[in-house]
Amino acid sequence: MHKLNIRAARHDDIDRIMELEDDGFHQRIQEDKSVMLERMQHFPAGFLVLVNDSDLATGYLCSELWDSDGSLQESAFALGHDIKDTHRSNGSQLYISSMTVAREYRGSGLGKKFFQQSVHMLRTELAQLRGSILLLSAEWTGAHKIYQDSGYTEIARLKDFFAAIATHDADAIIMQTQFSEQR
Ligand SMILES: CC(C)(COP(=O)(O)OP(=O)(O)OC[C@H]1O[C@@H](n2cnc3c(N)ncnc32)[C@H](O)[C@@H]1OP(=O)(O)O)[C@@H](O)C(=O)NCCC(=O)NCCS
């Protein structure tokens, strides 16, 4: 598979990351710059950007490490939550808190490749990972397809989680996958 140009985000990517956030998500669920910076500083290896030939970020994926005790507290998924409250440096579950690619790059397979190659990079770097978890709106069919094709399955729904932005289905879907030994 063609290897994309993916690297850890740097402080000077932040303005571009905020543009991608604005392009990718409804205003009511966009994260603040301070939240993004905190994520980058607290778990630098988990904040990745997809870059073009000019090293400009055309997508980002950010993540945290969670304990595997299965305590799925709704507050851990909340917009604006502080990564310092949820991230555990020895956690075995990769929680993918957000992912997007710039609008002009969508629809040609890039989102799926970026997601899968990012997860692969993180698994290679973080030997303790045993699985991964994420949350998405029931209305985000493109993202759902990517996660399903990457081995994630639905484990729970949070009713009306996306009430502020939904047009027909406000539920959040929580999806999870277990990693096999093979990377
Ligand atoms: C989700 C997102 C990253 C997908 O990026 P993309 O480059 O368009 O995705 P791809 O082209 O790789 O598409 C992956 C698959 O989903 C399918 N797909 C894409 N958009 C779709 C849609 N709106 N409805 C149904 N299927 C869709 C594609 O056909 C493709 O399927 P295939 O692999 O069987 O051909 C991009 O749309 C985005 O940034 N959206 C805004 C932010 C967002 O929703 N992030 C997810 C947060 S959980």
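These legends walk you through a few close-up views of a predicted model. Local features need pLDDT of at least 70 and side-chain atom pairs count only at pLDDT 80 or more, while totals for chains, interfaces and linings use all residues. Residues are numbered from 1 along each chain as its sequence is written, and side-chain values use heavy atoms, with hydrogens and water left out.

**View 1. Seven strands make up an open, mixed sheet.** Reading across, the order is E1-E2-E3-E4-E5-E7-E6. At the edges sit strand E1 (6-8) and strand E6 (153-158), each pairing on one side only. From one strand to the next, the twist averages 25°. Strands (E, at least two residues) and helices (H or I, at least four) are DSSP runs, numbered from the N terminus, and two strands pair if DSSP finds at least two bridges between them.

**View 2. Strands E4 and E5 run parallel.** Here you can follow E4 (residues 93-101) and E5 (residues 131-137), joined by four bridges. Gln93 stands opposite Gly131 in E5.

View 3. Axes are lines fitted to C-alpha atoms, for helices over the stretch in contact, and angles run from 0 to 180 degrees between N-to-C directions.

**View 4. The ligand is surrounded by 21 residues.** The closest are Met99, Thr100, Gly109, Lys112 and Lys145; a residue counts as near if one of its heavy atoms lies within 4 Å. One oxygen atom of the ligand lies 2.8 Å from a polar side-chain atom of Thr100. A polar backbone atom of Gly109 is 2.7 Å from an oxygen atom of the ligand. On the side chain of Thr141, an N or O atom is 3.0 Å from a ligand nitrogen. Of the 940 Å² of accessible area that the ligand has on its own, the protein covers 69% (Shrake-Rupley method, 1.4 Å probe).

**View 5. Ser137 is a buried residue of strand E5.** Its relative accessible area is 2%, and buried means under 20% (1.4 Å probe, protein chains only). The side chain of Ser137 reaches the backbone nitrogen of Glu139 at 2.9 Å. Leaving aside neighbours within four places in sequence, Ser137 is in contact with Phe162, Asp169 and Asp171.

Definitions and conventions. Polar contact = N/O pair within 3.5 Å; in protein donor to acceptor, adjacent residues only side chain to side chain. Buried < 20%, exposed > 50% of the residue type's maximum accessible area, 1.4 Å probe, protein only. Contact = heavy atoms within 4.5 Å.
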